[in-house]
Amino acid sequence: MVIDNILAAIDVLANTHAFLLMAVGVAGGLIAGAIPGFTIAMAVVLTLPFTFGMSPHLGLATMVSVLVGGLSGGLMAGILTGIPGTPSSVATTFDGFPMARNGEPGLALGIGVWSSFCGGIISAVLLMTLAPQLAQIGLEFNPWGYFMLVIFALTITASLAGKNMIKGLIAGALGLLIRTVGEDEAAGMARFDFGTDALLGGFDFIAVLIGLFAFSQLLNDVRDPETAKKSLTQQGNIRVKIEHRRAIAAILKRWQIVIRSSLIGVFTGILPGAGGSIANILAYDQAKKASKYPEKFGTGIADGIIAPESSNNAVEGGALMILMALGIPGDVTAAIMLGALLMHDVVPGPSFINDEPVLAYSIFISFFIATFMMLGLQSVMLKVFVRVTRVPMYVLASIILGFCGIGVFALQNVTFDIWTLLWFGVLGFTMRHFGFPLAPMILGVVLGNIAELNLARALAITTDLTPFVTRPWSLFFMIIAVFSAFFPLFQGHREKKKAWTLFYLPLACFAIALPLFMMGGTFRPVLATIVIGFGAYQLWRRRQNGWRFEAEEKTI
Amino acid sequence: MERLNRDAVIAITLLLFCGVFFWASFDIRTPNYGVLAPSTWPRVIIGVLTFLSLIYLVQSLRGNPETVTAGKSDREPGIRGWVDHWRNPLWCFGLFFAYVALLPVLGMLIDGIAFVYVLMGVLGGWDGKKPLVHAYVSVLAIGSMWSLFTFGLDVILPTGMFMDPF
């Protein structure tokens, strides 16, 4: 069955047209990822309008290619200029740039490219094997569980805004409210149209995304008149040859770092809201902690490039896994992928892999193919990158703003969508300026109708609200939503050594064990027992330390 | 102090926004079918948003550093300083506004080229060979994108009054 699906997907993608589109996608992604200020999400969202005329298989394969290219593109700028191309390659600069300055830019790039490749392949394998299993679990969800899953996704994304959590939550709620404009899907009644026909159809989701993310980012990039006139590098010709052989040897010697960092990447990708920007720092930190020579980190060692690069490429496998299995986007780029699927009338969810196996497996396969293409195209695109870095930012921004207008109009052939792009661009720029994170807002826009539809379904079954706490999956997501909401407070108070923080982790373990027990079967109650044991152990350790965190602080 | 006031102003604006939307939610018709009325979900969100905005307001008035926006402004005081500081984004907004407003008249091709050309001039300057280079870049970039959508993807883009007869 799985083999049949894989073969059917290969059959769809094994043609010159598909390969060409994917190669263009990877190349475009590599360049977009390499230019500081142009995020991967921006590259993926700008690709969307081009794909609407394609079949879903080809359109999604192209977008996955842009995504894979973008994830790897950041390392070029980070290693050669010291400026990370994307937030997901920040940690790559810690050792990549020093290695390049020490006279080994070719080796640094080679290690970065091959680490990205390994992270991508490990992630793709896990995506293919775990997504169908996760979808099986997703089939157990009922409307109450689904509703709470959306609430959890929004809460955790907002909590990742750290000190600005309240702003994150406000942004998430604003996103949900924006989604309610227009006819509601359940009853077909007009909402917040303010008497205009244009608002009756609501805001086009893609126009909102492009406005909030791409348009506002471009305005941010050209805000300073002097910076806008500068190009990324004035260095003239950068002549580098990627040293593949030495890079492969260096990576094979450090295979544990590759595996560990890739797993960190996949896990971070599965968490809604957490993305490559967190994974690369986390993997770098773990590699440093596990190293026999942590003092050498930051001086230009291979370990410091392998860890962030393999983790940031592995992130998207995790994000796509939760998107395809549960229909919940793991991060902003996955949210855009969800938009692409919806544009092609495909609704991802637990039954998606069973209902649309060829499409689902074509996404898996395109992830694989794009990772291989990235390896081959990196050397070629390095030359293009050097040329692009000489173009002033204002030229790039002006052209892309022009492209945004054409692309957004092409979605539905409606001028109102370009107005939407403009107003949401202004809103996004203003929100960025005032320190409001945009990721929760985008997830709010994406998940708004999923939450409402599931709430409507739940209330159609019974108007009783107790199933939100008596159904195991609903209770599970409610508990982790509450604990993730308190996480930033926990972090802040832990530094101030407040007593209640000692009980946060043990209490979280005990609370999570309850719905796991309620789920029944054999595995989950056993897992619940282990979780309770872990919580009790944490409590015991704190007691042994005289109700202090001290012992853990040494390791953190 | 200025930042605290700014956060408080944003919070009050958000509360006013919630008020407008809550008022508008009474215009939503309730059909005699379905359990969840079309106005319920928006009202729940407005309720949550109001509650969060109130917390934000209280935090900003108390001067809680967690709500204060990071970074210091380097702009000169007064309206002139403000306009100077935001010159480029204001140009982008204004020109994009003009671009969308003129779309039915000029059409996507001419309007797009004009928008990119003027924006590049405004952001990058008009000195030396720049006007020529900008003209070349804008025609090439928008022309190729217009061609791709028109001929490659069969999208009917607005032709405008001038191109309409063709």
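## Before you start

This is a predicted model, so to speak of local features pLDDT must be at least 70, side-chain atom pairs count only at pLDDT 80 or more, and totals for chains, interfaces and linings use all residues. Residues are numbered from 1 along each chain as its sequence is written, while chains are lettered from A and ligands numbered from 1 in the order in which they are written.

Helices are DSSP runs (H or I, at least four residues), as are strands (E, at least two), and they are numbered from the N terminus. Helix H13(A) covers residues 276-290, and at 1.5 Å a residue its 15 residues should span 21 Å, which agrees with the 21 Å between its end C-alpha atoms. That expected span is 1.5 Å times one less than the number of residues.

Now look at H11(A), residues 244-253, where Ala247(A), Ala250(A) and Ile251(A) are buried. Down the axis of H11(A), these buried residues fall within an arc of 95 degrees, so they line one face of the helix. The arc is taken over the directions from the helix axis to the C-beta atoms. Over on the other side of H11(A), you'll find Arg245(A), Leu252(A) and Lys253(A) exposed. The buried residues of H11(A) pack against H6 (105-138), H12 (255-270) and H14 (303-326) of chain A.

## Domains

Chain A splits into domain 1 (2-161 + 241-412) and domain 2 (470-555), with bounds that come from an automatic or database domain assignment. Their C-alpha centres are 31 Å apart. Where the two touch, domain 1 of chain A gives twelve residues and domain 2 of chain A gives eleven.

Chain B also has a domain 1 (2-62) and a domain 2 (80-163), and 37 Å separate their C-alpha centres. Chain B has six helices and zero strands, and 28% of its 166 residues count as buried.

## Where the chains meet

The contact between the chains takes 55 residues from chain B and 50 residues from chain A. Two residues are in contact if their C-beta atoms, placed from the backbone, lie within 7 Å. On chain B's side, the elements giving two or more residues are H1 (2-24), H2 (40-62), H4 (87-124) and H5 (130-152), and H4(B) has the largest share with 18 residues. By class, this side of chain B has 43 nonpolar, eight polar and four charged residues. Nonpolar covers Ala, Val, Leu, Ile, Met, Phe, Trp, Tyr, Cys and Pro, charged covers Asp, Glu, Lys and Arg, and the others, Gly among them, are polar.

For a close-up, take Ile170(A). Leaving aside neighbours within four places in sequence, Ile170(A) is in contact with Phe436(A), Leu14(B), Leu49(B), Leu52(B), Ser53(B) and Tyr56(B).

Notes: A residue is buried if 20 or more other C-beta atoms lie within 10 Å of its own, exposed if 12 or fewer, and partly exposed in between; C-beta atoms are placed from the backbone.
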